[in-house]
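These are my notebook entries on one structure, kept in the order in which I looked things up.

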Amino acid sequence: FNPILMTLILVAAVIAAGAVAGCLGSLLGIGGAVFLVPFLHAGLGLDFGVARAVSLMTVIPTSSVVAAASAGRNTINLRLGMLLEVASAIGGFLAGVTVARVSDRSLSLLFACVTAAIAVLMVTRLEKRNVLDASADIGALGGRFRDDDTGREVSYRVKRLPLGMFASLVAGAVSGTLGIGGGILKVPILNAWCGVPLRAAAATSALMIGVTAVSSVPVFYARGEVNAPIAAAAVLGVLAGSRAGFWVGGRARVKWLKLLMAGVLIAVSLLYFRKWLA
């Protein structure tokens with residue numbers, strides 16, 4: 001085989017995978033690691049630590065694109081996001097301390113069960129919306145934004161904040177142990193139980209995972225786990241995919257976004273059930 005041709009094919013494959021990851025990340029606020037880590041690790045045979053580090057680097061451009069594109073739409077709830085980020089950081093720290101004591105097999109089973117349960121929850125709430133009238137009291141952490149489905153400004157009030165904090169704590173731990181963005185847990189729980197509309201939950205989560213990634217990437221780089229050429233190709237794809245995902249998300253109905261979220265959760269659940277059985 002021509003080594004140059006093989007290199008070009010590899011770069012093209014990583015860019016394409018990055019585009020898919022970026023699209024999912026900006027569309028649903030879950031981070032593209034849910035797709036990119038298995039692709040790099042199982043598909044290309046990279047070490048899991050390298051795959052996780054590369055994927056984490058791609059979270060930063062996804063978060064940046066969503067933050068820039070959301071300017072003026074008020075979908076990002078900065079106050080809520082920074083409060084939940086404190087819990088995520090604590091969860092990530094606890095994971096770093098305790099993960100060595102828990103087997104990968106046990107972690108895989110636990111995560112598979114949790115994601116499957118949340119997928120079922122999302123399906124049961126397809127027709128439910130967490131929006132109030134624009135004049136409603138939103139409290140200290142609520143928000144207002146223009147709802148693309150109805151074409152008018154809507155409001156929402158954050159409910160069950162302790163549950164949201166706990167979900168962020170667990171999400172931070174999951175992100176630190178499995179290398180998958182914590183948004184895959186934060187977004188469904190914020191939407192289903194905390195009263196945050198899906199668009200606002202996704203945009204806020206995308207910002208949060210970017211903050212987490214910025215603080216974590218130097219650690220992986222210091223360990224020598226960042227493969228610079230692969231990371232550069234993945235970031236290029238993510239930048240294009242993130243813009244496409246944001247464009248689609250602004251025009252898609254919330255019901256279909258929830259179905260897509262449930263589908264991604266089920267796919268991740270099956271992946272980790274398979275890992276547990278192996």
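In which helix is S63 found? I found S63 in helix 3 (residues 48-69), where helices (H or I, at least four residues) and strands (E, at least two) are DSSP runs numbered from the N terminus. Before going on I noted that this is a predicted model, in which local features need pLDDT of at least 70 and side-chain atom pairs count only at pLDDT 80 or more, while totals for chains, interfaces and linings use all residues. I also noted that residues are numbered from 1 along each chain as its sequence is written, and that side-chain values use heavy atoms, with hydrogens and water left out.

I looked up the accessibility of S63 and found a relative accessible area of 6%, so S63 is buried; buried means under 20% relative accessible area, exposed over 50%, and partly exposed in between (1.4 Å probe, protein chains only). The C-alpha atoms of S63 and A213 are separated by 9.4 Å, although the two residues are 150 residues apart along the chain. A51 also lies in helix 3, and with a relative accessible area of 0% A51 is buried. From the C-alpha atom of A51 to that of F39, 12 residues apart along the chain, I read a separation of 8.5 Å.

**Overall layout.** I listed 10 helices and 2 strands for the protein, and from the N terminus on the elements run α-α-α-α-α-β-β-α-α-α-α-α. Of the 278 residues in the protein, 48% are buried.

**Helix 1.** An α-helix has 3.6 residues a turn, so residues three or four places apart point the same way. Just after helix 1, G29 takes a positive phi of about 70 degrees.

How many aromatic pairs does a search of the whole structure find? The search gave me 1 aromatic pair, under the rule that rings of Phe, Tyr and Trp (its six-membered ring) pair if their centres lie within 6.5 Å, with planes under 30 degrees apart counted as stacked, over 60 as edge-to-face and the rest as tilted. F145 and Y156 form this pair, which is edge-to-face, at 6.1 Å centre to centre and 65 degrees between the planes. The pair links F145 in strand 1 (residues 143-147) to Y156 in strand 2 (residues 152-156), 11 residues apart, and both F145 and Y156 are buried. In the loop between strand 2 and helix 6 (161-178) I found R160, which has a positive phi of about 50 degrees although it is not a glycine. At 48% relative accessibility, R160 counts as partly exposed.

**Cysteines.** I searched for disulfides, taking a disulfide as a pair of cysteine sulfur atoms within 2.5 Å, and the count comes to 0. C23 is partly exposed, with a relative accessible area of 24%, and C113 is likewise partly exposed, at 39%.
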